[in-house]
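Subject: Structure for your review

Dear colleague,

Please find below the structure that I am handing over to you.

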Amino acid sequence: LAGGSLAGHIIECGPQATGGNFTDWREAGDIAAIGYPIAEIAADGTFTVTKPPGTAGVVSCGTVGEQMLYEIGDPQAYSLPDVTCDFSVVKIEETGPDRVTVTGARGYPPPETLKVSATYADGFRAGQLLAFNGFDAREKAQALAEAAIARSRNVLRAMNAPDYDETSVEITGGGTGDASGYEEVTLKAAVKHRDARVVGLFLKELTGLGLATAPGMSVFSGGGRAKPSPVIRLFSFALDRDRISVSIDIGDGAELYEPPAVADAGERPKQHGNPQIEEAAGGMTAVPLIRLAWARSGDKGDKANIGVMARRAEFMPWIWAALDEDAIARRFSAFLRGKVERFYLPGSNSMNILLHEALGGGGIASLRNDAQGKGYAQMLLAHPVPIPQELAKLTAGGEAQ
């Protein structure tokens, strides 16, 4: 069950296992012709990942490993209704061109509870994307966003209405390499409020101020002005499974499903010890993480998940040492509101990182540009990792541009 579940997890996102979203993205070749993954599953739960012949893309330890780590949380407690999976000692081996064999998934009895995902309405949100170019473009964009929020709040105070629940201003882009200081940026300004009319007020003020702002603003309209939309929040909780009756409807009738008794699989595994650094002779140097590892990130509600897999086994202890909880928290300080957790997977020389309360509510409840943390791995891949100079020599050719 654990092996079959892992196979499903790896192929469920289609070409993410064949070079899509891959750190070394150029290896996927012509993505217009990318092949979807195939899992050839054996009776014992081991399986081989491949893709149709004649298609673009790539199946490698890196592509399969990144997808294994994708959004799994605690790799020793990946809980499903029929099995609790331990992926920490899974081995990933290239056994032929575009063929990767995955072994070592372990299964334990399923949890005594079932996960319930409930949603509820939590007000309204809206935002607008605007572009600025010219000198001091970033400053211009910031000034417009702050002015629109200030004017909206003036109206709210005059009406004795509640303030916005949340405001968000994000500016991306910057210098173009022009020595004169010319810039090009994109502004995203957004608000959240219980009343859709108050959200609409902000959009009105932001649009109207376009005639009063500094020069260089432009906007692409994809079908009219932005409009307030409902905020739907996710609330997940555990419910005792004996409170849920399951029926299977086949053909003309339905019958209750009684799950089979689960044999005791023994004591659950303890967390693995941390990888240890061996004393290195010679000097040290710092290289960006991308030269040492592949990485992929995603979300689970308001938690960001970053999986990091070493390109070589000997890199892993140095990666683990550099990416401690404090270093990760500092790296994501602009977003992180909760704790940082790390998990070590010795079988694949990898680690998984969980950032709690790091997505502004997550999904459509968030005002963030990246509400699902898809770009968090890219941020982490720029992190400097001190390693021995001798090991640094092994990274040549391993860097993705």
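I begin with a contact between a charge and a ring: the charged end of arginine 342 sits over the ring of tryptophan 320, at 3.9 Å from the ring centre. Please bear in mind that the model is a predicted one, and that the values below are computed from it.

Strand β19, residues 350–355, has partners on both sides. With β18 it pairs in the antiparallel sense over 6 bridges, and β17 and β19 are likewise antiparallel, again over 6 bridges. Leucine 355 of β19 takes part in both pairings: it is the bridge partner of valine 340, and alanine 304 stands opposite it. β18 and β19 form a hairpin with 4 residues between them, and asparagine 349 in the turn has a positive phi of about 50°.

How many of the residues of β19 are buried? The count is 6 of 6, so the strand is mostly covered by the definition of under 20% relative accessible area. Ser350, Asn352 and Leu354 point one way from β19, while Met351, Ile353 and Leu355 point the other way; the residues of both sets are buried.

**The largest pocket**

The largest pocket has a volume of about 990 Å³. Its lining consists of 33 residues, and those nearest its centre are Lys115, Ser236, Lys300, Gly301 and Lys303.

**Aromatic pairs**

The model contains 6 aromatic pairs. One of them joins tyrosine 78 and phenylalanine 87; the pair is tilted, with 5.4 Å from centre to centre and 40° between the planes. Both partners are buried: tyrosine 78 has a relative accessible area of 17%, and phenylalanine 87 has one of 0%.

Ring pairs also link Phe332, Phe335 and Tyr376 into a cluster. Phenylalanine 332 lies in the loop between α6 (325–331) and β18. Is phenylalanine 332 buried or exposed? With a relative accessible area of 0%, phenylalanine 332 is buried. For a sense of distance, phenylalanine 332 and glutamate 279 are 53 residues apart in sequence, and their C-alpha atoms are 30 Å apart in space.

**Helix α2**

Helix α2, residues 61–69, is mostly covered, with 9 of its 9 residues buried. Among these buried residues are Cys61, Thr63, Glu66, Gln67 and Met68. Just after α2, glutamate 71 takes a positive phi of about 60°.

**Further positive phi values**

Asparagine 21 has a positive phi of about 60° and lies in the loop between α1 (2–11) and β1 (38–41). Its relative accessibility is 53%, so asparagine 21 counts as exposed, the cut-off being over 50%.

Glutamate 357 has a positive phi near 50°. This residue lies in the loop between β19 and α7 (376–380). At 46% relative accessibility, glutamate 357 counts as partly exposed.

Yours sincerely

Technical notes. Residues numbered from 1 in each chain as written. Predicted model: local features only at pLDDT ≥ 70, side-chain atom pairs only at ≥ 80, totals over all residues. Heavy atoms only, no water. Pairing = 2+ DSSP bridges. Helix = DSSP H or I, 4+ residues; strand = E, 2+ residues; numbered from the N terminus. Phe/Tyr/Trp six-rings, centres within 6.5 Å; stacked < 30°, edge-to-face > 60°. Buried < 20%, exposed > 50% of the residue type's maximum accessible area, 1.4 Å probe, protein only. Lys NZ or Arg CZ within 6 Å of the ring centre and 35° of its normal. 1 Å grid on protein atoms, 1.4 Å probe; cavity = no way out; pocket = protein on both sides within 12 Å on 5 of 7 lines; lining within 4 Å. Points joined across faces, edges and corners; volume = space filled by probe spheres on them.
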